[in-house]
Amino acid sequence: MSSERLNPAYRIIEPTGTPVPVVFDSPHSGSIYPADFGHILDPMLLRQAEDAHIDELFAPVAAMGAPLLHALFPRSYIDANRAETDIDLSMIAGDWPDPVAPSTKTTERGAGLIWKLMRGEGALYDRKLTVVEVRHRIDTYWRPYHDALARLIDDTHARHGISYHVDCHSMPAMGDANSEDGPVARPDFIVGDRDGTACEPGFTALIAAHLKAEGFHVTINDPYKGVELTRRYSNAAAGRHSLQLEINRRLFMDEATLAKTPGYLEIEAVLTRLNRAIVDYAKAQAV
Ligand SMILES: [Zn+2]
């Protein structure tokens, strides 16, 4: 077993068979809570921030020739889908020594790199965090995750001359007063390509059309367009395509207990068919 496999930040499910020009990642399904977290919330409430089961739902891509990178740490501890600079300085004791650029979409809602609020409600902490502990979260979890994803995409692009990255997520069935869409029921799937900038349009269209043909309600970039991972690892002009896929949790799990519901097996089959279509499409583009 290589040292990479023992990294506390992530696991890579290595592909078997002929490699294909696709990389999948699940940045929010981690559920190993570090001992130094020091939050004050009810643990089960905090666990509702996880994209539970997404790593397992996408694991079959390895047998199709694509790696799956998944985080082991929870997003509520440090969020891999945020920029390293998306920091709320009011949460930190002392002077933060590095540049900050808080995002209106994330930090101002209490969900930047280090979350302040759980779904815009309860505060995670009754204290300020030290510079040392925030640095530790970045250096031990955020950066190794990003380094691993960059390596997988670089290797894939070098081998095939093109790469497709699918950033895999789940979303609560309802928005809330603090979310971008407000307290409304969400579609079954949201495909995000940062308003057409993170991948070529055919890739977005393929995924949306495939899911619609299976009878699902699908929106594109509404309200989720893709955040840091699709931004950072996309360069469509250079053949590096990235897309965010959000799956509605009510299709496969109980949001309060995180338990799988009977719909889980159906969604597992839906995703296996979708991922097969993604792989076939990417292989055709690489020729
Ligand atoms: Zn997510």
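Predicted model: local features only at pLDDT ≥ 70, side-chain atom pairs only at ≥ 80, totals over all residues.
View 1. Just after helix 4, the backbone reaches Gly-215, which takes a positive phi of about 95°.

**View 2. The buried side of helix 4.** Phe-203, Ile-207, His-210 and Leu-211 are buried in helix 4. These residues cover an arc of only 95° around the axis, and therefore they lie on the same side of helix 4. An α-helix has 3.6 residues a turn, so residues three or four places apart point the same way. The partners against which the buried residues of helix 4 pack are strand 6 (163-171), strand 7 (189-192), strand 8 (218-220) and strand 9 (240-248), together with helix 6 (263-286).

**View 3. The packing of helix 4 with helix 6.** The axes of helix 4 and helix 6 come within 10 Å and cross at roughly 150°, which means that helix 4 is roughly antiparallel to helix 6. The crossing of these two helices, helix 4 and helix 6, is right-handed. On the helix 4 side, Phe-203, Leu-206, Ile-207, His-210 and Leu-211 make the contact, while helix 6 contributes Leu-274, Ala-277, Ile-278 and Tyr-281.

Technical notes
Residues numbered from 1 in each chain as written. Buried ≥ 20, exposed ≤ 12 C-beta atoms within 10 Å, placed from the backbone. Helix = DSSP H or I, 4+ residues; strand = E, 2+ residues; numbered from the N terminus. Arc of directions from axis to C-beta. Contact = placed C-beta atoms within 7 Å. Axes fitted to C-alpha atoms, helices over the stretch in contact; angles between N-to-C directions. Parallel < 35°, antiparallel > 145°, perpendicular 65-115°, else oblique. Left-handed = near helix turned anticlockwise from the far one by under 90°.
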